[in-house]
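Me: Could you walk me through this model, contact by contact? I'd like cut-offs along with the answers.

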Amino acid sequence: MNDQLGRPLRNLRLSVTDRCNLRCEYCMPEDDYVWLPREDVLHFEEISTLVDVFLSLGVDKVRLTGGEPLLRRDAASLVRMLAVKPGLTDLAMTTNGVLLPDQIEAIKTAGLRRLTISLDTLRRDRFLALTRFDQLDAVLEGIEAAERMYGSFKIDTVVIRGVNDDEIVDLIEFGKPRHAEVRFIEYMDVGGATRWSPARVVSRQEILERLAQRYGRIEPLLEPESTAPADRYALPDGTIFGIISSTTEPFCRTCDRSRLTADGMWYLCLYAVRGIDLRGPLRAGADAAALRTLVANGWQSRTDRGAEQRLALGDRRAFVPVQDLLRKDPHLEMHTRGG
Ligand code: SAM
């Protein structure tokens, strides 16, 4: 099933909670937040029903995210419910890693296939300044456990000028012996990134130039079939890394991702202002066929190219001003929508 620009519905990002145990300055820099009402948060059975609908329409990859997905009580049970679904070829999770040491065994046993761990710095003082919590040791322990349990995994790093852009080589070196593919993410002006400014973005071009200075020739991997957000590259010693350049070189034309919030709002673009309410109809008793129609109509009308439209703006600032819109509608936040 394709949208108006011929893009198939394939990747579903499932935000299982809007709560987080870190306060990363590029995502949740404010002192307080408006949270989703607890009674609105979907139960696991409801999530499972909606995932079935998506699977029947072409989705084959699901990524659990948040907020911090491991804060959702008994996240492993949800993994277990989803992992056995026919048609699901990939079940992954993006986590900040803080709770991994305690939960990795349960989620691996439950059937989680792949892990991405967010790590923006290797320095303890910086981690504290960037996230407001002194949890680097827990994350490093989580990374050790990920290597032990999964063999390989991904590390996602948001690169911010003047904050951690002097650590890109250190992070690659950190990843090498741990079989972790590091992916550098350009700082995005998504909802929630209220401190964003163009000057703080380190572009893909600049990241490549800096790595070339240190390592020499960098070869892009040719993966024409890939719709993954990261473009991948190889260093002369064969080390692979990725860059997600949503800010300076968006990839809207191949975007097959959509996002379901913990309270069942479905967003067709990270920058979309409006979503499609699936919780309401689900709780009102809509059957699978009715939900399928809702989702199919939504996707077939999709024209979103949010990141490209942001790039085309002359005077680019934070997407949503916190004072008004974010306070009124937490769905605009990256931590609600799921990164
Ligand atoms: N709590 C989990 C974590 O930290 O990985 C999952 C949720 S987090 C919102 C998912 C991803 O969004 C993380 O990799 C994070 O780095 C990314 N992210 C959040 N705000 C961002 C921004 N302003 N620009 C780029 N990436 C961002």
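**Ligand, pocket and polar pairs**

Reply: Let's start at the ligand: one of its oxygen atoms has a polar side-chain atom of Ser118 2.5 Å away. For a polar contact, read a pair of N or O atoms within 3.5 Å; within protein, one must be able to donate a hydrogen and the other to accept it, and residues adjacent in sequence count only if both atoms are side-chain atoms. Bear in mind that this is a predicted model, where local features need pLDDT of at least 70, side-chain atom pairs count only at pLDDT 80 or more, and totals for chains, interfaces and linings use all residues. Residues are numbered from 1 along each chain as its sequence is written, and side-chain values use heavy atoms, with hydrogens and water left out.

Me: How many residues surround the ligand?
Reply: A residue is near a molecule if one of its heavy atoms lies within 4 Å of it. The closest ones are Tyr26, Gly67, Glu68, Ser118 and Met188. The number surrounding the ligand is 20.

Me: How many Å is it from a nitrogen atom of the ligand to an N or O atom in the side chain of Glu68?
Reply: Gly67 uses a polar backbone atom, 2.9 Å from a nitrogen atom of the ligand. With Glu68 it's an N or O atom of the side chain, and the distance to a ligand nitrogen is 3.1 Å.

Me: Which class has how many residues in the lining of the second largest pocket?
Reply: A pocket here is an open set of points on a 1 Å grid over the protein atoms alone, where a 1.4 Å probe fits, with protein on both sides within 12 Å along at least five of seven lines; lining residues have an atom within 4 Å of a point. The lining includes Val16, Asp18, Arg19, Leu36 and Arg73. Ala, Val, Leu, Ile, Met, Phe, Trp, Tyr, Cys and Pro count as nonpolar, Asp, Glu, Lys and Arg as charged, and the others, Gly among them, as polar. That gives 4 nonpolar, 1 polar and 5 charged.

Me: Which side chain makes a polar contact with the side chain of Ser56?
Reply: Ser56 belongs to helix H1 and is partly exposed at 39% relative accessibility. Its side chain reaches the backbone oxygen of Val53 at 2.7 Å. The side-chain partner, at 2.7 Å, is Arg292.

Methods: Helices (H or I, at least four residues) and strands (E, at least two) are DSSP runs, numbered from the N terminus. Buried means under 20% relative accessible area, exposed over 50%, partly exposed in between (1.4 Å probe, protein chains only).
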